[in-house]
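The tour moves from one selection to the next.

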Amino acid sequence: NSDAGSYVCTVMSGSLSVMSNTATLTVYGPPVIKDNPTSSDVPLNKSMTLTCRATGLGALMYSWQQRISGSGWTTVSNDNITSYTTDARLAIGQYMYRCRVRNEAGSVVSNSATVNVYGRPSIKTHPMSHLITVGMSVTLNCEGTGGRLI
């Protein structure tokens with residue numbers, strides 16, 4: 001803010017003057033998010049760490065929020081840390097996280113990060129054995145389910 005700076009007071013009486021001590025005016029603004037948490041895929045029974053960083057004057061206080069499909073945001077950590085590690089016991093599904101950072105002047109929330117928890121893949125249809133003669137073509141079919149199929 002343009003009002004921030006150092007100020008002095010001058011008192012004058014005729015040709016005499018006296019100056020006060022210098023006073024510093026610091027103008028606080030709400031924090032600014034510099035690094036948003038990043039979306040990722042994580043296998044079932046594993047955790048992952050999300051990170052968020054902000055800048056601003058004064059003490060910055062961090063909290064982490066989670067949103068499960070169809071629900072509102074719920075605070076899952078008020079530990080005042082820039083990173084949050086997800087619970088390894090999350091069920092297969094999609095979870096959203098964001099950090100909230102506040103100081104004396106206000107608060108800001110980061111962009112949300114999506115954590116996709118996926119399960120182990122399995123074979124639904126195995127390929128069949130074939131006996132063919134030279135020059136013939138054959139198609140082998142296989143179908144998988146679960147996990148992150150590629």
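Are Tyr-84 and Tyr-97 buried or exposed? Both Tyr-84 and Tyr-97 are buried. Buried stands for under 20% relative accessible area, exposed for over 50%, and partly exposed for what lies in between, with a 1.4 Å probe and protein chains only.

This is a predicted model, in which local features need pLDDT of at least 70 and side-chain atom pairs count only at pLDDT 80 or more, while totals for chains, interfaces and linings use all residues. Residues are numbered from 1 along each chain as its sequence is written, and side-chain values use heavy atoms, leaving out hydrogens and water.

**Stop 1: the aromatic cluster**

Select Trp-64, Tyr-84 and Tyr-97. These residues form one aromatic cluster. The whole structure holds two aromatic pairs. Rings of Phe, Tyr and Trp (its six-membered ring) pair if their centres lie within 6.5 Å; planes under 30 degrees apart are stacked, over 60 edge-to-face, and the rest tilted.

Start with Trp-64 and Tyr-84. Their ring centres are 6.1 Å apart and their planes meet at 25°, so this pair is stacked. It links distant parts of the chain: Trp-64 is in strand β9 and Tyr-84 in strand β11 (residues 83-85), 20 residues apart. Strands (E, at least two residues) and helices (H or I, at least four) are DSSP runs, numbered from the N terminus. Trp-64 has a relative accessible area of 0%, and Tyr-84 has 15%.

Now turn to Tyr-84 and Tyr-97. This pair is tilted, at 5.6 Å centre to centre and 40° between the planes. Tyr-84 lies in strand β11 and Tyr-97 in strand β12, so the pair ties together parts 13 residues apart in sequence.

**Stop 2: the disulfide**

Select Cys-52 and Cys-99. Their sulfur atoms are 1.9 Å apart and form a disulfide. The cut-off is a pair of cysteine sulfur atoms within 2.5 Å, and the count by this rule is one. Cys-52 lies in the loop between β7 (49-51) and β8 (53-55) and Cys-99 in strand β12 (residues 93-103), so the bond ties together parts 47 residues apart in sequence. Cys-52 is buried at 0% relative accessible area. Cys-99 is buried too, also at 0%.

Cys-9 is partly exposed at 41%. Cys-142 is exposed at 53%.

**Stop 3: around Cys-52**

Show the contacts of Cys-52, meaning heavy atoms within 4.5 Å. Leaving out residues up to four places away in sequence, Cys-52 touches residues including Ile-33, Pro-37, Tyr-62, Trp-64, Cys-99 and Val-101.

**Stop 4: Gln-65 and Arg-98**

Select Gln-65 in strand β9. Gln-65 is buried, at 10% relative accessibility. Its side chain makes a polar contact of 2.6 Å with the side chain of Arg-98. A polar contact is a pair of N or O atoms within 3.5 Å; within protein, one must be able to donate a hydrogen and the other to accept it, and residues adjacent in sequence count only if both atoms are side-chain atoms.

Finish on Arg-98 and Trp-73. The charged end of Arg-98 sits over the ring of Trp-73, 4.2 Å from its centre. The rule asks for NZ of Lys or CZ of Arg within 6 Å of the ring centre and within 35 degrees of the ring normal. Trp-73 is also among the residues that Gln-65 touches.
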